[in-house]
Amino acid sequence: QKPVTLFELSRMRAAGEKIAMLTCYDASFAAVLGRSSVDVALVGDSLGNVLQGQKSTLPVTLEQMAYHTECVARAESRAFVLTDMPFGSYHESREQAMRNAARLMAAGAQMVKLEGGEFIADTVHFLVERGVPVCAHIGLTPQSVHQLGGYRVQGRSDEGAARLKADALALEQAGAALMVMEMVPAALAAGITASLRTMATIGIGAGPGCDGQVLVLHDMLGIFPGKTARFVRNFMDGAASIEDAVARYVAAVKDGSFPAAEHCY
Ligand code: KIV
Ligand code: NA
């Protein structure tokens with residue numbers, strides 16, 4: 001299978017082909033994702049929750065992200081490798097962000113993800129100009145959970161919606177190629193997606209009107225204990241194997257049957 005490139009992702013967006021992304025933290029799952037035609041493997045800082053049992057992503061370190069990126073990047077997989085920059089690793093200055101992005105790129109990341117809106121656009125531009133592809137992340141940004149007052153839907157007020165629209169445009173202008181939108185009303189996410197010219201949107205709890213979808217692997221496999229969010233579907237239900245479950249996820253994203261109305265806000 002031909003490896004997915006940034007060029008391919010941008011072709012998919014232009015052609016209206018949905019981008020299927022899943023989180024991935026190790027080589028075994030990276031190989032499964034590759035065989036199941038996942039387009040992007042996200043080494044998410046959700047590994048703090050899922051692998052480490054932390055209550056938030058805040059304690060995750062740069063070295064932990066680099067380690068898991070190395071594990072994923074070693075696998076034989078077609079998936080494009082995207083790694084989260086952890087809390088505190090890009091907030092001080094654009095120079096600090098570049099230094100830490102370089103560490104993750106050296107570990108095998110092909111793109112890095114930063115949480116934040118307009119305020120982070122200058123940093124995004126600095127990285128993109130220096131050869132670091134960037135994925136933005138707006139809406140519910142888990143690294144700001146204490147600021148946001150919990151894991152809740154964002155952009156519900158007129159003011160909040162206008163903020164997210166302005167954030168998206170600023171991030172596109174800064175050169176971000178992808179942008180995750182998390183827990184955003186479906187109609188707002190669709191409107192933002194339609195307003196963009198080059199940046200592909202990837203939704204999680206943001207409805208079917210995005211250019212692609214992402215879920216946490218352990219959530220969609222039904223492994224993560226406890227109550228899951230409204231936007232999660234357990235793809236192990238009725239699946240013959242993990243590989244089959246992942247393939248069903250990819251198929252459902254591609255044909256637009258996931259997310260359904262019950263997964264949206
Ligand atoms: O860390 C993560 O898993 C993420 C996704 C929820 C987008 O950032
Ligand atoms: Na994350």
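**Chat about a barrel and a binding site**

Student: Where is Asp84 found?

Tutor: Asp84 sits in strand 3, which runs over residues 80–84. Keep in mind that this is a predicted model.

Student: Buried or exposed, that Asp84?

Tutor: Buried. The cut-off is 20 or more other C-beta atoms within 10 Å. Asp84 counts as buried because it has 30 C-beta neighbours inside 10 Å.

Student: And what does Asp84 touch?

Tutor: Leaving out residues up to four places away in sequence, Asp84 touches Val43, Gly44, Asp45, Met65 and Lys113.

Student: Which residues does the UniProt "binding site" annotation cover?

Tutor: The unreviewed UniProt entry lists Asp45, Ser46, Asp84 and Lys113. They are spread over 69 residues of sequence but cluster in space, with a largest C-alpha distance of 12.4 Å.

Student: Why does Ser46 count as buried?

Tutor: Because Ser46 has 22 C-beta neighbours inside 10 Å.

Student: What does Ser46 touch, not counting residues up to four places away in sequence?

Tutor: Thr23, Thr57 and Val216.

Student: New topic. How many strands close into the barrel?

Tutor: Eight, in the order 1-2-3-4-5-6-7-8, with parallel pairing. From one strand to the next, the twist averages 25 degrees.

Student: Over how many bridges do strand 6 and strand 7 pair?

Tutor: Five. Strand 6 is residues 178–182, strand 7 is residues 200–204, and their pairing is parallel.

Student: Which residue is the bridge partner of Met179 in strand 7?

Tutor: Thr201.

Methods:
Residues are numbered from 1 along each chain as its sequence is written. Chains are lettered from A and ligands numbered from 1 in the order in which they are written. This is a predicted model: local features need pLDDT of at least 70, side-chain atom pairs count only at pLDDT 80 or more; totals for chains, interfaces and linings use all residues. UniProt positions are given in the numbering used here, feature names are shortened, and annotations may be inferred rather than shown by experiment. A residue is buried if 20 or more other C-beta atoms lie within 10 Å of its own, exposed if 12 or fewer, and partly exposed in between; C-beta atoms are placed from the backbone. Two residues are in contact if their C-beta atoms, placed from the backbone, lie within 7 Å. Helices (H or I, at least four residues) and strands (E, at least two) are DSSP runs, numbered from the N terminus. Two strands pair if DSSP finds at least two bridges between them. Axes are lines fitted to C-alpha atoms, for helices over the stretch in contact, and angles run from 0 to 180 degrees between N-to-C directions.
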